[in-house]
Amino acid sequence: MEGFTYRGGTLHAEEVSAVELAERYGTPLYVYSRGYLRHQFRRIREAFAEIDPLICFAVKANTSAAVIHTFAAEGAGADVVSGGELYRARRAGIPANRIVFAGVGKTAEEIEYAIQEEILGFTVESEAELHRISECATRIGGTARVDIRVNPDVDPKTHKYTSTGKKENKFGVDLERAVKAYELAARLPGVEIVGLHMHIGSPVMSIDPYVEALERVAPVVRELKAAYPTLRHLDIGGGLGIRYRDEQEDLDPARLAEALLPTLRDLGLKVLLEPGRFLTGNAGILLTRVQYLKEGPEKTFVIMDAAMNDLIRPALYEAYHKILPVRETSDTLTGDLVGPVCESGDFFAQNRELPAVQAGELLAVMSAGAYGYVMASNYNSRGRPAEVMVSGGTAKLVQRRETWDNLVAGETIPAWE
Ligand code: LLP
């Protein structure tokens, strides 16, 4: 299934015309396909069905309550990286006993909140964090279940900002140090060892780095399992890549499962996965309207009403997002697609063959459902866009557009003496 297709020459989100959505809700506008969110979730669930894994949606990819709730209804858990994400996941209906909490800098306040919620487990990233978790658990008289994140030192062949499983990254504990870290965890009060975690980075476009990482980690898991009978989970992380360009394909969960299942079966632990982008990336688009066409001395600029503050991936990672016209056309123009923000980095496409559009027409920035709205900011005092979810022929507003009042809420001008 696809969330966004042309019907009668107009781009539709499921059965709803993008023209209608732009008119009803304004632009820039994030639009999500509920059907596609569920489709992607089910692809992973079915691929790994034999071992019945817990699929923890990495909510950092998209924290919309409507999106999280869609996965909660499918039986998903959540992978969170802050107290705020834990709060959102709980509020959107994810049971605490399906939530794992990662991140290298958890505060005592966040840790205590998570212990009180009785989450499934902490993904521990350092020995120092183990000490803090133990102190927090002791202070509030609770137990913290922990997975230690090991760093398998494989190259996921992705952007340097989103590779996390190599030695030089700040994440996890080196594989050689892992056994010592578990010994420490076993000695600390208030801490129960429940699993082992790895995540290699994202987006990963081939199954090889996963196979390699699991091969490296498996002997350590066997050793730990023998030493700690409470060890029952193996979290293999997220990072499954998706189709951003026409010539790409999603990393196929069925192929991934086929490659990993023999080892996973043999290890005999409950398997957790933490996909974010795979579940939401191609379930979302950013709809934007052309403000002006501007002929520069060297190139044409198509100036949109969306900007880098709404979707920062092109500026931050030089990420490629496909641009589609809402009214189908095969005519093209070559130029830059840019926003109104006062930065040269404010672009969605550079020197690209774009749909030939006029001022007032609509374009869709594709694959914007992961790391889109969540990374939006108010830079240049632009309110963040609205978000809409479509299911079949019905569209619902799930996040209203920010107003100028929202921008200044919380500010005070001190009355100096
Ligand atoms: N688990 C852990 C421990 C992670 O650090 C991440 C992503 C995920 C799961 C989910 O990865 P995914 O399945 O979504 O690829 N802002 C960047 C991506 C940063 C990813 C950070 N960690 C981007 O726009 O590409």
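## Briefing: a predicted protein–ligand model

With 417 residues, a compact globule would have a radius of gyration near 22 Å, and the protein chain agrees with this at 23 Å. The radius is taken over C-alpha atoms, and the globule rule is 2.2 Å times the number of residues to the power 0.38. This is a predicted model: local features need pLDDT of at least 70, side-chain atom pairs count only at pLDDT 80 or more, and totals for chains, interfaces and linings use all residues. Residues are numbered from 1 along each chain as its sequence is written, and side-chain values use heavy atoms, with hydrogens and water left out.

**Overall fold**

- The C-alpha trace of the protein chain spans about 65 × 65 × 40 Å along its principal axes.
- The protein chain has 12 helices and 21 strands. These are DSSP runs numbered from the N terminus (helices: H or I, at least four residues; strands: E, at least two).
- Of the 417 residues, 55% count as buried. Buried means under 20% relative accessible area, exposed means over 50%, and partly exposed is in between (1.4 Å probe, protein chains only).

**Ligand site**

- The ligand lies between domain 1 (4-31 + 281-408) and domain 2 (95-275), because both give residues to the shell around it. The domain bounds come from an automatic or database domain assignment.
- There are 17 residues around the ligand, and Glu 274, Arg 277, Arg 313, Tyr 317 and Tyr 371 come nearest. A residue is near if one of its heavy atoms lies within 4 Å of the molecule.
- The shell divides into 5 nonpolar, 6 polar and 6 charged residues. Ala, Val, Leu, Ile, Met, Phe, Trp, Tyr, Cys and Pro count as nonpolar, Asp, Glu, Lys and Arg as charged, and the others, Gly among them, as polar.
- The side chain of Tyr 317 places an N or O atom 2.7 Å from a nitrogen atom of the ligand.
- A polar backbone atom of Gly 276 is 2.9 Å from an oxygen atom of the ligand.
- Asp 79 has a polar side-chain atom 3.3 Å from a nitrogen atom of the ligand. A polar contact is a pair of N or O atoms within 3.5 Å; within protein, one must be able to donate a hydrogen and the other to accept it, and residues adjacent in sequence count only if both atoms are side-chain atoms.
- On its own the ligand has 580 Å² of accessible area, and the protein covers 92% of that. Areas come from the Shrake-Rupley method with a 1.4 Å probe; for residues, only the protein chains shown count as cover.

**Backbone points to check**

- A cis peptide bond joins Thr 27 and Pro 28, with omega about -10°. Pro 28 lies in the loop between α1 (18-25) and β4 (29-33).
- Ser 202 and Pro 203 are also joined by a cis peptide bond, with omega about -10°. Pro 203 is in the loop between β11 and α8.
- Glu 118 is not a glycine, yet has a positive phi of about 60°. Glu 118 sits in the loop between α5 (108-117) and β8 (121-124), and counts as exposed at 55% relative accessibility.
- Asn 351, not a glycine either, has a positive phi of about 45°. This residue is found in strand β18 (residues 347-355).

**Individual residues**

- Ser 206 lies in the loop between β11 (191-197) and α8 (208-227). At 30% relative accessibility, Ser 206 counts as partly exposed.
- Ile 99, in strand β7 (residues 99-101), is buried, with a relative accessible area of 0%.
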